[in-house]
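Please look over the aromatic side chains of this model with me before you read on. My notes follow as numbered points.

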Amino acid sequence: MRRGIFISIEGPDGSGKSTQIKNIKDYFEGKQFEVVFTREPGGTAIGERIRDIILDKNCKEMDYMTEAMLYAAARAQHVSEVIEPALAAGKVVICDRFVDSSNAYQGYGRKLGEAVAVINGYAVKGCMPDLTLLFKLDPSVGKDRIRVDQQDRLDAEAEAFHQDVYRGYLQLEKQFADRFCGIDASRSIAEISTEVCTKLDRILAAWESRKAGN
């Protein structure tokens with residue numbers, strides 16, 4: 001049995017993920033867990049170099065399948081080098097975006113479909129989150145919160161692309177209802193934090209029950 005707890009954070013940019021990630025980290029540290037915070041694309045030296053390529057506004061000619069495979073390559077390194085070892089050591093891993101981002105952005109947004117899931121099946125090697133928190137906010141609202149000079153190559157895509165990505169997230173929430181937890185991110189920080197902590201209480205109780213069973 002996996003010794004640690006793996007939580008991924010998903011949702012449109014500008015949905016308040018960063019604030020809630022800090023709250024989640026504080027929650028587990030307050031319960032004496034060692035927490036590893038990481039992100040995608042990135043999380044490793046190799047992954048960060050791939051991230052620079054993927055998000056570079058100067059790479060406008062990048063083919064959609066190239067984009068999907070770069071994400072998967074960074075993820076394979078991330079799982080092998082960071083996530084799996086941390087979970088094996090009993091740590092809590094909080095990851096800002098994981099495989100569901102690829103399914104939403106490349107599978108739905110780029111219209112690459114099941115090919116994205118197939119590619120990433122090799123990348124994750126069965127290492128999937130115990131809980132995925134999806135911060136739900138209309139992407140047009142989230143995008144308005146990001147200054148133009150801070151937008152990366154994907155942020156700068158047309159509104160229609162981001163709406164397709166969001167619809168993809170909503171489909172994934174239905175498809176993987178046992179793992180996904182949708183959070184209304186249009187509310188106050190305090191309201192969102194309260195709901196997130198309730199979800200964390202449940203996942204921690206389930207983890208403790210599995211641990212006791214072994």
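1. Y27 is buried, with a relative accessible area of 11%, where buried means under 20% relative accessible area, exposed means over 50% and partly exposed lies in between, using a 1.4 Å probe and protein chains only. F28 also counts as buried, at 0% relative accessibility.

2. This is a predicted model, in which local features need pLDDT of at least 70 and side-chain atom pairs count only at pLDDT 80 or more, while totals for chains, interfaces and linings use all residues. Residues are numbered from 1 along each chain as its sequence is written, and side-chain values use heavy atoms, with hydrogens and water left out.

3. Rings of Phe, Tyr and Trp (its six-membered ring) pair if their centres lie within 6.5 Å, and planes under 30 degrees apart count as stacked, over 60 as edge-to-face and the rest as tilted; by this rule there are 6 aromatic pairs. One of them joins F6 and F98 edge-to-face, at 5.0 Å centre to centre with 75° between the planes. F6 lies in strand 1 (residues 5-10) and F98 in the loop between strand 3 (92-96) and helix 4 (99-109), so this pair ties together parts that are 92 residues apart in sequence; helices (H or I, at least four residues) and strands (E, at least two) are DSSP runs, numbered from the N terminus. Both F6 and F98 are buried.

4. The rings of Y27 and F28 have centres 5.0 Å apart and planes at 85°, so this pair is edge-to-face. Ring pairs link Y27, F28, F33 and W207 into a cluster.
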